[in-house]
Amino acid sequence: MNPAVRTNPETGLKVFNTRAAKASERITGKGYSVVTDQKLTELPKMPAGATFNAEEQAKYRAFKEARRGAADYMAMEGEFKKYLDDVYSEPPIPREALDDECEILVVGAGFGGLLLWQKLSQAGFTDVRFCEKGGDVGGTWYWNRYPGIACDVESYSYLPLLDETGYVPSMKFASGFEILEHCQRMAQKFGFYDHCLFHTTVDATTWDEASGRWMVQTDRGDKMRARFVILANGILTTPKLARIAGMETFKGESFHTSRWNYNIDLSGKRVGIIGTGATAVQAIPEIAKVVGQLYVFQRTPSSIDVRDQRETTDEERATWTKDPGWALARRARFAKISEVRAAVLANDDYLAGKIQDFKERKKHDRQLTREELMQKQLDSSFRLMEQVRARVDAIVKDPKTAAALKPYYPYGCKRPTFHDEYLPTFNLPNVHLVDTAPRGVAEINERGVVHEGVEYPLDVLIYATGFQWMGTSTFNRISGRGGRTLKDKWETEGTKTFLGLHNRGFPNLFIVTGPQGGGGSFNFTDVIYAHADYLVWVLQTMRERGARIVDVRKEPEDAYAEHCREVDLATAPLRDCISYYNGEGKATPGSLAYYGGRQWDKYRIEAQSTLMPYLFEGGDSTVSVAAE
Ligand code: NAP
């Protein structure tokens, strides 16, 4: 057995052996099933004459306002810290604390970290080290292993490095377990494991001006120095709990969906689940099959669109295995679809390159004004939501339950979900929807959940209450030039980045898929490709010019942050509801996700061609500008 840390005598680089063994093989409910009943895989026809008229707008507004201020979440601290335990791996591999230096230190071994490694190593950057909180690779797909987990973007466009690994996913929407295996495949194929410190959480990152290095401290006592730090620790990483009176008194078993405890056998038990977001929508149909009684505590219904899962065909497999660039070409076509729904239900012939477009383009007699365009988008969103609501009535038998399951907000304003078995689950005699709208569950006692004076005794309580959104800067204390923390900068100046990747005053530090970090696509994988390619360009440019440090100028950062604000405001009516996307209605416009689509590319291309936004230090003085 190799030691946890050794030095390769040829390269002088450290080689790690810290991947933890699996704690258990027990899992159930591997992703979406193929559903053959056509009634379940098609939306009902659009109701004739449906328009987003004043009455309907008022209904949406009332639905939203009733929920304003209801969301109240808390971190898993104190007695709730136990919900963060890594239940998937054996305890951490013991190792010495490191006190040394590497060129590039990356936080995170999910899709972002894995892709970065493949691209960086190909470009000749090999002194790269990864720190990962979990015991293995996968990130989201490491932590989320709840029954029924699967991707919602087609796996052929979502899974990275399919061409390079020669892998073809088994289903159009691969299960999370298959995706986790693919992460391990990528890690093995490209030698990632040698570079990763697992069960290692970075807790402080401090810039040292004198040495031009970041000092990186971890919860394993490491004190590492790195020339560059890349934060690739995801957008929905830190699980959160709803703050509910009495939750600490509950005597039964309980866990959060992102630490699914398969040691707790749900068979025949009284199980409660709080939350009905994308996670619960996937988990509920699976757990309903095994539990005794299931109580679903819902505050706001999700929009449940069709899934239409299918297996990869023999023809696809045969064609793709002969074409080493199939996945890249498919993802590029996929990225051209800008509407969430059209992309998620993606037309296979278009994606396979058999036809030129995924839908017939409408021609207008004249250029529509911005307002007209917005109205058109709101109208089509309304009609689609009418279909989503009609689907509930068509499937769910109990009228009261059906009424509670209908969402009243624009499509995509909360994360859309896709499932063909979720709605039928509410027809099962052992499944009970407890409608806690509009304020949510407010009381838990030692026996279970109490709502409006009714007690629901439970053996197991599952929190499907989601994750902190875009919390990248708060995961560890990042102190840049002059000792200023990134948190302080964003709190006092508002979130400000250049391209989402650079932060002025935090040289040589890059955030992948963080706030303002667009890539022009809702396919996360597209964004990480764009970010990884960009970072390789930055590092190569610096290498070519002999630059040691890169920061960004004030004006381009201010201008980009202003652009983020403008595009968020311009598209806000399409997301007019209370959602984690807008910080539960409290976020400053432009401070979270990027809504400028492909405009991000314009900023990037211009920056790359003029080099104007950058402040390089060291190396060729004709391009290196240390002072403004
Ligand atoms: P989420 O969307 O944040 O859902 C949290 C749920 O908890 C919401 O339904 C929320 O209701 C509810 N809630 C909070 N406090 C409550 C209370 N006191 N009483 C009752 N309900 C309460 O979290 P998630 O479902 O884990 O999903 C998070 C994100 O992960 C998704 O949006 C998606 O981006 C990602 N995800 C992706 C996939 C996939 O690709 N297949 C699968 C799962 C998750 P309100 O809506 O009223 O606030």
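This note covers the ligand site, the cysteines and three further residues of the structure.

1. Basis. This is a predicted model, in which local features need pLDDT of at least 70, side-chain atom pairs count only at pLDDT 80 or more, and totals for chains, interfaces and linings use all residues. Residues are numbered from 1 along each chain as its sequence is written, and side-chain values use heavy atoms, with hydrogens and water left out.

2. Ligand shell. The ligand is surrounded by 26 residues. Ala150, Thr279, Thr300, Lys414 and Tyr580 are the closest. By class, twelve are nonpolar, ten polar and four charged. Here Ala, Val, Leu, Ile, Met, Phe, Trp, Tyr, Cys and Pro count as nonpolar; Asp, Glu, Lys and Arg are charged; the others, Gly among them, are polar. Helix α8 (residues 278-287) gives the largest share of the shell, three residues. Helices (H or I, at least four residues) and strands (E, at least two) are DSSP runs, numbered from the N terminus.

3. Threonine 279 places a side-chain N or O atom 2.6 Å from a ligand oxygen. For lysine 414, a polar side-chain atom is 2.6 Å from an oxygen of the ligand. Alanine 278 uses a polar backbone atom, 3.1 Å from a ligand oxygen. On its own the ligand has 920 Å² of accessible area, and the protein covers 89% of that. Areas come from the Shrake-Rupley method with a 1.4 Å probe; for residues, only the protein chains shown count as cover.

4. The disulfide. There is one in the structure. It joins cysteine 413 to cysteine 577, S to S 1.9 Å; the cut-off is a pair of cysteine sulfur atoms within 2.5 Å. Distant parts of the chain are linked, 164 residues apart. Cysteine 413 sits in the loop between α14 (399-404) and β15 (417-418), and cysteine 577 in the loop between α18 (554-571) and α19 (599-610). Cysteine 413 is buried, at 1% relative accessibility. Cysteine 577 is also buried, at 5%. Buried means under 20% relative accessible area, exposed over 50%, partly exposed in between (1.4 Å probe, protein chains only).

5. Other cysteines. Cysteine 131 is buried, at 2%. Cysteine 564 is in no disulfide; its nearest cysteine sulfur, in cysteine 413, is 20 Å away. Cysteine 564 counts as buried at 2% relative accessibility.

6. Glutamine 118 lies in helix α3 (residues 111-122) and is buried at 5%. Beyond its neighbours within four places in sequence, glutamine 118 is in contact (heavy atoms within 4.5 Å) with Leu161, Glu164 and Phe190. Threonine 436 is in the loop between β16 (431-435) and β17 (443-444), buried at 2%.

7. Lysine 554. Helix α18 holds this residue. Lysine 554 is partly exposed, at 40% relative accessibility. Its side chain makes a polar contact with that of aspartate 558, at 2.6 Å. Glycine 505 is 49 residues away along the chain, with 9.5 Å between its C-alpha atom and that of lysine 554.

Key:
Near = heavy atom within 4 Å. Polar contact = N/O pair within 3.5 Å; in protein donor to acceptor, adjacent residues only side chain to side chain.
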